[in-house]
Amino acid sequence: MEFSDVVRTRRMVRRYDPDHPVPAESLQTILRNGTRAPSAGFSQGWDFVVLSEPSQRAAFWAATTDPDDEPDAWLEGVSSAPVLVLCCSDEGSYLRRYAEPDKGWADMDEARWPVPYWDIDTGMAALLMLLTAVDEGLGGLFFGVPPESHEDVHEAFAIPHDRSIVGVVALGRPAEAPASASGSPSRRPRRQLSEVVHAGRFGAPYQPV
Ligand SMILES: Cc1cc2nc3c(=O)[nH]c(=O)nc-3n(C[C@H](O)[C@H](O)[C@H](O)COP(=O)(O)O)c2cc1C
């Protein structure tokens, strides 16, 4: 697929075809491309926990939902995904990397970090996975784990407590229903270039060619 078509056609997929598992080769390509993401200091402070067995996915949904609640349309749809990839970030690996002689932040002071690069880089890896899924004829969704469920997900999958769960990439073949039909705010209009790009200084109009 043309790269620009991959970017243009990618949408978050919230309902999957139960009859189409993710081929092992596609999953490996998706994961491998994820690890091609850029990372500050090439720290690569990410880990990915792949849940491809039904029992593993059931354990994830059990850890993140209330059994007394009726599943809503979002959960009905997303829980049909045959693969979930838990994307974890590792702040410590950045603090250690930047304490090395070529970086020199030996105090490992968190205040040196203008924004959490460990979470940003893990998000970049997740985006590469989403794009690769499209290129593989599949679809994906990045979604967050509710704050109150983080501890349970750490426990369920033995994720060390120095890792943060940045989010989850669901993968699978999109169901025939419109990809973003349920639970999506994607009917909001896309902000135009002229609105989000500032030429030279904030507020100065940018003229798209
Ligand atoms: C950091 C982040 C968190 C998101 N969390 C959720 C989520 O919890 N549930 C969900 O259905 N979609 C989630 N989304 C998907 C957005 O709703 C979606 O990207 C946006 O509506 C634009 O739609 P599109 O990606 O299909 O173009 C998230 C996206 C990002 C980047």
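I start with helix α6, which has 19 residues and spans 27 Å from its first C-alpha to its last, close to the 27 Å expected at 1.5 Å a residue. That expected span is 1.5 Å times one less than the number of residues. Helices (H or I, at least four residues) and strands (E, at least two) are DSSP runs, numbered from the N terminus.

A word on the source. This is a predicted model, where local features need pLDDT of at least 70, side-chain atom pairs count only at pLDDT 80 or more, and totals for chains, interfaces and linings use all residues. Residues are numbered from 1 along each chain as its sequence is written, and side-chain values use heavy atoms, with hydrogens and water left out.

Back to α6. Its buried residues include Trp-118, Asp-121, Met-129 and Leu-130. Buried means under 20% relative accessible area, exposed over 50%, and partly exposed in between (1.4 Å probe, protein chains only). Met-124, also in α6, counts as partly exposed because its relative accessibility is 35%. After the helix comes Gly-137, with a positive phi near 80°.

Next, the sheet. It is open, with 4 strands in the order β1-β2-β4-β3 and antiparallel pairing. At the edges are β1 (46-51) and β3 (139-143), each pairing on one side only. Two strands pair if DSSP finds at least two bridges between them. Between β3 and β4 (residues 164-172) there are 5 bridges, in the antiparallel sense. Phe-143 stands opposite Val-168 in β4.

Now the charges. How many salt bridges does the structure hold? There are 9 salt bridges, each defined as a side-chain nitrogen of Lys or Arg within 4 Å of a carboxyl oxygen of Asp or Glu.

One of them joins Asp-5 to Arg-8, with the closest N and O atoms 3.0 Å apart. Both residues lie in helix α1 (residues 3-9), 3 residues apart, about one turn of the helix. Asp-5 is partly exposed because its relative accessibility is 26%, while Arg-8, at 55%, is exposed.

Another links Glu-100 and Arg-97 at 2.9 Å, N to O. Is Arg-97 buried or exposed? Arg-97 counts as buried because its relative accessibility is 16%; Glu-100, at 36%, is partly exposed.

Last, Glu-195 and Arg-191 form a salt bridge, with the closest N and O atoms 3.4 Å apart. Elsewhere, salt bridges that share partners join Asp-47, Asp-90, Arg-96, Asp-162 and Arg-163 into one network.
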